[in-house]
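Thanks for coming, everyone. Please have a look at the chain on the screen, and then we'll walk through a few spots.

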Amino acid sequence: RQRQMCIRDSFKAILESVNNDKNRIELASQVIYIAAQNGHTAVVTALLENGAEINKANNGFTPLYTAATEGYKDVVKTLLQNGATTSFLGIRVGNKECKEYIKKVKKCHQQLKRIVSGLDKNPSCLSRVSSEVTLEDFLNDMDQDIKDAVLNMQDSGGNILAHAVRNNKAEEYKILKESGAKDDITVRYKSKGFTYKRSMTE
């Protein structure tokens, strides 16, 4: 871990020495794939803080795909919790533990979308059985590392806040945001998200 921190600090110093924001983001976006491929969670976090494009592919593979294939679960968690998309992941992830984690996150994310839309009152993702499950019940039942990923990962439609925006679910939007969903991801993914965000939170 100490070695990772040294590497992180070195990358941060390099990035901070780049005066142009565009060049700094481009550099961070190029390096994040290598950091994910080698399991450097702290470096991945530092690169994301400096604007790295989380879903930028290298030879067709995203940082999430390569981290999952190499079995770096902590990197996988970090990427999903910061808006990585599973849309291009495919089914060829070789590491069983990472594959099962991503599978559970995707399943809970799909069920969360149905709850936000009002289509699912008893999702199978929950550990307990109930006749009717509220959005709060669903979120409170999840382990924190699963919940953080579910709230901020992206699929082809963006993250869960983008889904609430499209369905005009103001109360659900507020609950999701208070639970840890990051609205800056929505703004980056859907330009109209900012208009909805303002109207829902003012």
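Start with S29. A polar atom of its side chain lies 2.8 Å from the backbone nitrogen of E53. That is a polar contact: a pair of N or O atoms within 3.5 Å, where, within protein, one must be able to donate a hydrogen and the other to accept it, and residues adjacent in sequence count only if both atoms are side-chain atoms.

A word on the source. This is a predicted model, where local features need pLDDT of at least 70, side-chain atom pairs count only at pLDDT 80 or more, and totals for chains, interfaces and linings use all residues. Residues are numbered from 1 along each chain as its sequence is written, and side-chain values use heavy atoms, with hydrogens and water left out.

Where does S29 sit? In helix 2, residues 21-37. Helices here are DSSP runs of H or I, at least four residues, and strands are runs of E, at least two, numbered from the N terminus. Is S29 buried or exposed? S29 is buried, at a relative accessible area of 4%. Buried means under 20% relative accessible area, exposed means over 50%, and partly exposed is in between, with a 1.4 Å probe and protein chains only. Leaving out residues up to four places away in sequence, S29 touches G51, A52, E53 and K56. Touching, or contact, means heavy atoms within 4.5 Å.

Now G51. Helix 3 covers residues 41-49, and seven of its nine residues are buried. They are T41, A42, V43, V44, A46, L47 and L48.

Next, a helix pair. Helix 4 (residues 63-70) packs on helix 5 (residues 73-81) at about 155°, axes 8 Å apart. So helix 4 is roughly antiparallel to helix 5. The cut-offs: under 35 degrees is roughly parallel, over 145 roughly antiparallel, 65 to 115 roughly perpendicular, and the rest oblique. Axes are lines fitted to C-alpha atoms, for helices over the stretch in contact, and angles run from 0 to 180 degrees between N-to-C directions.

Who meets whom? From helix 4, P63, L64, A67 and A68 meet V75, V76, L79 and L80 of helix 5. These contact residues are eight nonpolar, no polar and no charged. Nonpolar covers Ala, Val, Leu, Ile, Met, Phe, Trp, Tyr, Cys and Pro; charged covers Asp, Glu, Lys and Arg; the others, Gly among them, are polar.

Last, the whole chain. It has 12 helices and zero strands. Of its 202 residues, 45% count as buried.
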